[in-house]
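Notebook open. I am going through two chains and jotting down what I look up.

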Amino acid sequence: MSRVLVGVKRVIDYAVKIRVKPDHSGVVTDGVKHSMNPFCEIAVEEAVKLKEKKFIKEVVAVSCGPTQVTETIRTALAMGCDRGIHVEVSGKDYEAMGPLQISKIFAALAKKEEASLVILGKQAIDDDCNQTGQMTAALLDWPQGTFASEVTIDGEKVKVVREIDGGLETIKISMPAVLTADLRLNTPRYATLPNIMKAKKKKIATMKPADLGVDMVSRVEVLRVDEPPTRLAGVKVETVDDLVAKLKANGTI
Amino acid sequence: MLFNKALRGGVQSVLRLQSTSAAAVAATSSQNAPSTGFCFEMTDQQKEFQELARKFSREEIVPVAAAYDRSGEYPFPIIKRAWELGLMNSHIPEDCGGMGLGIFDSCLITEELAYGCTGVQTAIEANSLGQMPVIIAGNDFQKKKYLGRMTEEPLMCAYGVTEPGAGSDVAGLKTRAEKKGDEYVVNGQKMWITNGGKANWYFLLARTDADPKCPTSKAFTGFIVDADSPGILVGRKELNMGQRCSDTRGITFEDVRIPKENVLIGEGAGFKIAMGAFDKTRPPVAAGATGLAQRALDEATGYALERKTFGKLIAEHQAVSFLLAEMAMKVELARMGWQRSAWEVDNGRRNTYYASIAKAFAGDIANQVASDAVQVFGGNGFNSEYPVEKLMRDAKIYQIYEGTAQIQRLIISREHFSRFKK
């Protein structure tokens, strides 16, 4: 019974202009458009593709957070996931939630659901941590195929082509394993209208981190959030000599 | 999907930011009357439909709209994509393979598609118009045969009522259908038929009673006609001012034989069917005009926040900001117009009054807003390198088709007086 867990995170939509809260404790999220993390969309697409190719039987979409994350799970269901799990985290716990807590939740769920694969996006566009996949694999003591740009299932093993600084690296790992999706892995499908309607009938189970034996205490405290410094105007120079003189005066060279 | 494209340096689209309400999940469907009275909140499903249509429109229609406008080529690839995503043929009942969506939900989709290109949207909408008589008046056999096939492959259909000599005056149409045994033989000419050259079948309105004294309510019959019937001559594609990728043609019927099984309801019932369809198709047309107006407003606003004159952004000059404010007023009210008329018909009420108001108002403001958008762009607005001149050309037809602005006023005044007298 081959099952895949896919993690989907509800983040501020990529097109929104982010604003820092006046008290510098974080960014403004109230009334701001949210959507599924783009790398999570790619992860969902890959899982659904594997199911269509009949390598796996069931895709379970998982998200952690308050009630609103069920919207994100519904989108995953509309893209083709079979059912969803909503791990309820709210208030201070949600604000402090980070890769460590998420990976503990996913590790517990992967064992509970007897998953053969856990597929996540490589990182979220809000915190850019790029840690959850790796931590989840470590907690489970499972092999990991991160920054995947191509995934092929070969019997009990997975061939993963990874995007690395030097180019592409191909590895073969045993299942069960954790994969994280990179940009070029696939192009996520639109949820078709009929699928959006069908998704309403699919089940989303609710549970709390405590039900999975996970403690949500954060070891990280955010002290301050600031906007990047405003770009200063540049200076135009007439000749190369002027440029060199200015760079020297600036202390750059 | 949008994020990928953005990273790959793709589409530059003006996205309307719409905040996801943090409030609790709303009621289940637009069919249930809300208990707290008026409600402007959409259901989660409606939001998802709108989101899908919006993404599709911004990503796949906007980038190619100008090219289709210049070439006039039928946008079949886009139509096929829309069909695959379930954005077309939304009214077809579930037992014929459709989604049986209400008018409100399909208007949501229509507005978003129209934002991308009203030429594309009109080609898609003509399907709904052609199908509506069959949906409201067809028997099971007719529905399964002609609606079923629309969900199995991306086929087009058309609504054939207008003639060279009769547009607003539907009762003055001359196409004749004479009963001969088990068939009707049709002779006549239709004009300005959207999807005329691409349709797999037509809804046809023809006169079956030759007696000039016969009342309108009994003289006409509605038929479903297969487009490959011998005797149908499809005219040339008409070159129009706007919505140029939409296929509009004259169709001639020369001794075309239609089996009696293809009569809708019965002989003489045609006029009522043809008119009844409008109550359901006028709200989407109003939604289409609203989508165009919103696009014009967004383009003009974006430009006003970039272009500088006399030392500041043109948006900071009150002449321009007031213009944009009035454009915004019109767009918001046009939207509420189609929403009300769609909601009324979805709740089982006769919505003729609201549908006419919605269509008349949206058609008029679409023209005003598009023209104002060109004005905001100044000299650039007149030029084909900028998107607004196309909007102005596309907008005009909204005051003409699906009941002219003048006919709408006739209908509204008649409805208004009958309400007043109650």
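I count a contact when heavy atoms lie within 4.5 Å. By that rule B:Glu415 touches B:Arg350, B:Thr352 and B:Tyr353, leaving out residues up to four places away in sequence.

Ground rules next. I am working on a predicted model, where local features need pLDDT of at least 70 and side-chain atom pairs count only at pLDDT 80 or more, while totals for chains, interfaces and linings use all residues. Residues are numbered from 1 along each chain, chains are lettered from A, and side-chain values use heavy atoms, without hydrogens and water.

Entry: B:Glu415. Buried or exposed, B:Glu415? B:Glu415 is buried, at 8% relative accessible area (buried is under 20%, exposed over 50%, partly exposed in between; 1.4 Å probe, protein chains only).

Entry: α10(B). I find 26 residues here, 352–377, reaching 37 Å from first C-alpha to last, close to the 38 Å expected (1.5 Å times one less than the number of residues). Of those 26 residues, 21 are buried, so α10(B) is largely enclosed by the rest of the structure. B:Gly378 follows, with a positive phi near 65 degrees.

Entry: annotated domains. UniProt, in an unreviewed entry, lists "Acyl-CoA dehydrogenase/oxidase N-terminal" at residues 43–152 of chain B; such annotations may be inferred rather than shown by experiment. I get 76% helix and 0% strand over that stretch, with end C-alpha atoms 29 Å apart.

Technical notes:
Helix = DSSP H or I, 4+ residues; strand = E, 2+ residues; numbered from the N terminus.
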